Amino acid sequence: MKNLILFVVFFTTVFFTSCSKDDLDVDLNTTLSEDINVVANTATRLSNSKENLTGYPFSSSVILNLSNADTQNYLNKLKSVKIKKLTYKVVDFGTSHGTLSGILSADDIEIHSVENLLLKTETNEGTVFEVQNVATGISKMETNLLNNKKVTIKISGMKSCSCNMTFKVNVTAELAIVANALK
């Protein structure tokens, strides 16, 4: 009888304490990738004395959407979104030469910048730029992906030459997501 009571106590303890609500969470890993098509023409030449920039401005953006085959069923059950790695690279350089200085931003918060980048060289070499943990930028991106399921990525800046310049920037975010299990 004493063994039976011990068995019941043991079984009850194991059964009721081994399953917590967090054990039912689903861990997802996914990659979001979008291209930003940039056409930098010569329509306007600007001189910005505050930032000591002179050149021809450009700006283009794309929406990085959390909805994909990995996440679609869990979009309304998300608990957290963590950016494991955020990179970008120029994948197509259409025309011209010259340098550019630019800012990559996420929902209007700067996350990376480059100065006097030789675009043609970086494209030919396949250079991948990794965005390091920018305190407010990455955190804000994670929050917006969690709450809004998307974030706007924008590249803007100035180019040095008076020629037309076209290029494509591929932005890739590797994510770790925690969601409630499907019922």
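## Close-up views of a predicted model

**View 1. Glu 142 in helix H3.** Glu 142 belongs to helix H3, which spans residues 135-148; helices (H or I, at least four residues) and strands (E, at least two) are DSSP runs numbered from the N terminus. The model is predicted, so that local features need pLDDT of at least 70 and side-chain atom pairs count only at pLDDT 80 or more, while totals for chains, interfaces and linings use all residues. Residues are numbered from 1 along each chain as its sequence is written, and side-chain values use heavy atoms, with hydrogens and water left out. Glu 142 counts as buried because its relative accessibility is 13%, where buried means under 20% relative accessible area, exposed over 50%, and partly exposed in between (1.4 Å probe, protein chains only). When neighbours within four places in sequence are set aside, Glu 142 is in contact with Val 81, Lys 82 and Ile 83, contact meaning heavy atoms within 4.5 Å.

**View 2. Strand S5 and its two partners.** Strand S5 covers residues 99-106, and seven of its eight residues are buried. Strands pair if DSSP finds at least two bridges between them; S5 is joined by seven bridges to the antiparallel strand S6 (residues 109-118), and by seven bridges to strand S8 (residues 150-159), also antiparallel. On the S6 side, Ile 103 stands opposite Ser 113, whereas in S8 the residue bridged to Ala 106 is Ile 153. S5 and S6 form a hairpin with two residues between them, and Asp 107 in this turn has a positive phi of about 45°.

View 3. A cavity is a set of points, on a 1 Å grid over the protein atoms alone, where a 1.4 Å probe fits but cannot get out, and lining residues have an atom within 4 Å of a point. Grid points are joined across faces, edges and corners, and a volume is the space filled by probe spheres set on the points. One cavity of 30 Å³ or more is counted by this rule, and the largest cavity holds about 110 Å³ of space. Its lining consists of 15 residues, with Tyr 88, Leu 100, Val 114, Leu 117 and Ile 155 lying nearest the centre. Strand S4 (78-93), S5, S6 and strand S9 (165-179) each supply at least two residues of this lining.

**View 4. The chain as a whole.** Three helices and nine strands make up the secondary-structure elements of the chain. Of its 183 residues, 37% are buried.

Note on methods
On a 1 Å grid over the protein atoms alone, a cavity is a set of points where a 1.4 Å probe fits but cannot get out, and a pocket is an open set with protein on both sides within 12 Å along at least five of seven lines; lining residues have an atom within 4 Å of a point.
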